[in-house]
Amino acid sequence: MSATTAWDVDCPSGQTAAAIAASCLHDGPVGTVGLEVEAHCFDLTDPMRRPGWEELSALIAAAPALPGGSVITVEPGGAVELSGPPRADVVTASSAMMADRRVLSTYFAEHGLGLVLMGTDPLRPTQRVNPGARYRAMEQFFTATGTGAAGAAMMTSTASMQLNVEAGPREGWADRVRLAHALGPTMIALSANSPLLNGEFTGWRSTRQRVWGQLDSARCGPVLGDRGDDPAADWANYALRAPVMLVRTPEAVPMTEFVSFADWADGRVAVGGRSPTAEDLAYHLTTLFPPVRPRRWLEIRYLDSVPDTVWPAVAFTLATLLDNPEAAEIARAATQPVASAWDRAARFGLADPQLHTAARRCVGAAAEHAPAELAAAMNRLLTNVHEGRSPADDFTERVHHLGLASAITERVEGDE
């Protein structure tokens with residue numbers, strides 16, 4: 001019996017589960033891709049200074065129009081995110097994002113600021129600059145639940161590149177979602193770009209993934225159920241079992257004890273003295289951060305932010321391995337031995353022999369379909385993967401050679 005048919009639709013949580021499952025994936029063709037790229041913002045004359053909220057807000061308000069149509073937002077720690085609109089394919093999406101990156105980087109540089117594409121802020125201590133009630137409440141929730149340090153680092157010191165891809169035809173959902181998860185460790189290993197946090201080497205190639213792994217797995221762990229044969233049901237069960245983080249009253253108020261949304265829906269606990277509404281459910285879903293999140297499309301959330309010289313190839317590789325049937329078959333076989341090696345990927349990157357083998361096969365399969373305009377980025381990625389080097393290894397070498405502050409400045413100049 002599948003999780004879908006096991007729900008008791010006569011109880012509130014069963015009705016909620018059915019509603020979540022019915023709307024979390026969209027039946028349609030693959031191909032369309034959206035990109036989101038986050039970059040840490042540094043003062044070029046004083047890298048330890050973290051630009052403040054008002055400073056960044058004023059700068060963004062006066063920013064020039066971006067040719068690719070990306071929306072500019074600021075993360076809780078001051079990282080600047082570009083969210084591109086959906087495009088017909090990953091190459092078009094990458095071209096538009098790169099154009100927006102160039103315009104925004106030039107504009108920020110004119111104001112003495114640099115945008116650094118790395119998975120963690122390598123230099124500064126964690127600090128929230130976004131004054132919003134949501135992020136203040138999240139900070140309080142993490143502290144109350146014993147993950148204050150990891151929660152603060154996640155919110156204020158991590159940055160990623162996110163791919164938004166179509167869920168695809170309904171009959172292929174299970175295979176597609178399983179593959180998106182199975183690719184996670186391999187893609188983390190080849191995109192690992194965060195060897196430092198708070199000015200210290202951590203011993204992990206992807207400290208960003210390490211930070212996420214220290215958070216509650218009920219909120220941030222993979223969604224897949226035991227078999228992963230019904231991803232809509234898996235997501236509904238995941239959402240219901242996850243603890244409620246925030247309640248809007250109307251300001252965001254943090255929970256300080258473990259209460260699953262199912263317990264709230266079924267009346268076992270009256271959060272805020274009331275039953276949950278549809279708005280409460282929608283808000284709860286925005287506080288769940290798995291590595292692959294269904295939002296009618298699939299949000300692929302496990303990539304470190306990586307330099308402009310290589311991220312278009314990383315994006316192309318992941319989209320191709322998901323959307324191209326021939327490449328997807330190669331990826332399924334290649335990733336099977338390492339499909340659950342999330343921590344190994346974060347710690348060792350491509351220095352892990354099994355992940356290195358999987359990455360070589362996956363990137364090689366994607367490269368067979370790469371267009372000419374991605375030749376430089378694809379060759380760079382192929383070379384790195386062949387040599388077993390993650391971007392973290394390159395940055396580590398530069399830090400040892402130049403010092404951390406100079407390596408950051410060099411990375412700004414290299415990304416422009």
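1. In this predicted model, helix H2, formed by residues 12-23, packs against helix H10, formed by residues 231-241. The two axes come within 8 Å and cross at roughly 135°. Angles over 145 degrees would count as roughly antiparallel and 65 to 115 as roughly perpendicular, and H2 and H10 are therefore oblique to each other. The crossing of H2 with H10 is right-handed.

2. The residues that bring H2 and H10 together may be listed by helix. On the H2 side they are Ser 13, Thr 16, Ala 17, Ile 20 and Ala 21. On the H10 side they are Ala 232, Ala 233, Trp 235, Ala 236, Ala 239 and Leu 240. By class, this contact comprises nine nonpolar and two polar residues, with no charged residue.

3. From H7, the contact draws on Leu 183, Pro 185, Thr 186, Ala 189 and Leu 190. From H16, Leu 355, Ala 358, Ala 359, Cys 362 and Val 363 take part. Nine of these residues are nonpolar, one is polar and none is charged.

4. Helix H16 also meets helix H13, which spans residues 311-323. Their axes come within 9 Å and cross at roughly 85°, which means that H13 is roughly perpendicular to H16. H13 contributes Phe 316, Thr 317, Thr 320 and Leu 321, while H16 contributes Cys 362, Val 363, Ala 365 and Ala 366. The contact of H13 with H16 holds six nonpolar and two polar residues, and no charged ones.

5. Which classes of residue make up the lining of the largest pocket? The lining divides into 23 nonpolar, 15 polar and 12 charged residues.

6. Two points of backbone geometry should be noted, each in a loop between strands. The peptide bond that leads from Thr 249 to Pro 250 is cis, with omega near -5°. Pro 250 belongs to the loop between strand E8 (246-248) and strand E9 (252-254).

7. The other point concerns Asn 198, a residue other than glycine whose phi is positive, near 55°. Asn 198 lies in the loop between strand E6 (196-197) and strand E7 (200-201).

How values were computed. Residues are numbered from 1 along each chain as its sequence is written. This is a predicted model: local features need pLDDT of at least 70, side-chain atom pairs count only at pLDDT 80 or more; totals for chains, interfaces and linings use all residues. Side-chain values use heavy atoms; hydrogens and water are left out. Axes are lines fitted to C-alpha atoms, for helices over the stretch in contact, and angles run from 0 to 180 degrees between N-to-C directions. Helices (H or I, at least four residues) and strands (E, at least two) are DSSP runs, numbered from the N terminus. Angles under 35 degrees count as roughly parallel, over 145 as roughly antiparallel, 65 to 115 as roughly perpendicular and the rest as oblique. A crossing is left-handed if the near helix is turned anticlockwise from the far one by less than a right angle, and right-handed if clockwise. Contact means heavy atoms within 4.5 Å. Ala, Val, Leu, Ile, Met, Phe, Trp, Tyr, Cys and Pro count as nonpolar, Asp, Glu, Lys and Arg as charged, and the others, Gly among them, as polar.
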